[in-house]
Amino acid sequence: MSFFGAGGMQSQQAVNPQNIAMAEQELEMVTDLFNRIADSCYAKCVSKEYAQGELTQGEAVCIDRCVAKFFEVNTKVGEKMQQMGQQNMPK
């Protein structure tokens with residue numbers, strides 16, 4: 001199964017290199033976002049001294065809240081940037 005079309009030889013000929021580049025850039029951005037979330041929330045929520053192999057309830061709740069806030073802020077910033085970009089477009 002192909003992620004860039006219906007599959008088979010015909011779809012391979014129709015794959016646009018620009019679409020591949022955009023997909024690779026989006027994957028890179030998502031990976032960067034994931035890594036920033038993981039680093040930030042780990043530093044804020046997980047104790048530096050491990051007493052057990054699993055997260056405590058407090059750590060798990062903290063991580064849930066941290067990730068939710070990260071996504072909320074990321075969404076708001078993206079929306080604001082999109083609005084600013086539309087305002088700056090020539091009419």
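Biologist: In which helix do K76 and E72 both lie?

Modeller: This is a predicted model, in which local features need pLDDT of at least 70 and side-chain atom pairs count only at pLDDT 80 or more, while totals for chains, interfaces and linings use all residues. Residues are numbered from 1 along each chain as its sequence is written, and side-chain values use heavy atoms, with hydrogens and water left out. Helices (H or I, at least four residues) and strands (E, at least two) are DSSP runs numbered from the N terminus. K76 and E72 are four residues apart, about one turn of the helix, and both lie in helix α3.

Biologist: How far apart are the closest N and O atoms of K76 and E72?

Modeller: A salt bridge is a side-chain nitrogen of Lys or Arg within 4 Å of a carboxyl oxygen of Asp or Glu. K76 forms such a bridge with E72, and the distance between the closest N and O atoms is 3.3 Å.

Biologist: How many salt bridges does a search of the whole structure find?

Modeller: K76 forms a salt bridge with E72. The side chains of R36 and D32 also meet in a salt bridge, at 3.1 Å from N to O, and both of these residues lie in helix α2. For the whole structure, the number of salt bridges found is two.

Biologist: What is the relative accessibility of D32?

Modeller: Buried means under 20% relative accessible area, exposed over 50%, and partly exposed in between (1.4 Å probe, protein chains only). R36, the bridge partner of D32, counts as partly exposed at 41%. D32 also counts as partly exposed, because its relative accessibility is 40%.

Biologist: What is the torsion about the S-S bond of C45 and C62?

Modeller: C45 and C62 form a disulfide, with their sulfur atoms 2.0 Å apart. C45 lies in helix α2 and C62 in helix α3, so the pair ties together parts that are 17 residues apart in sequence. The disulfide is left-handed because the torsion about its S-S bond is about -65°.

Biologist: Which side chain of opposite charge is nearest to E59?

Modeller: E59 has its place in helix α3 (residues 57-88). Lys and Arg count as positive and Asp and Glu as negative, while His and the chain ends are not counted. E59 is buried yet has no salt bridge, and the nearest side chain of opposite charge, 8.6 Å away, is K48.

Terms used. Disulfide = S-S within 2.5 Å.
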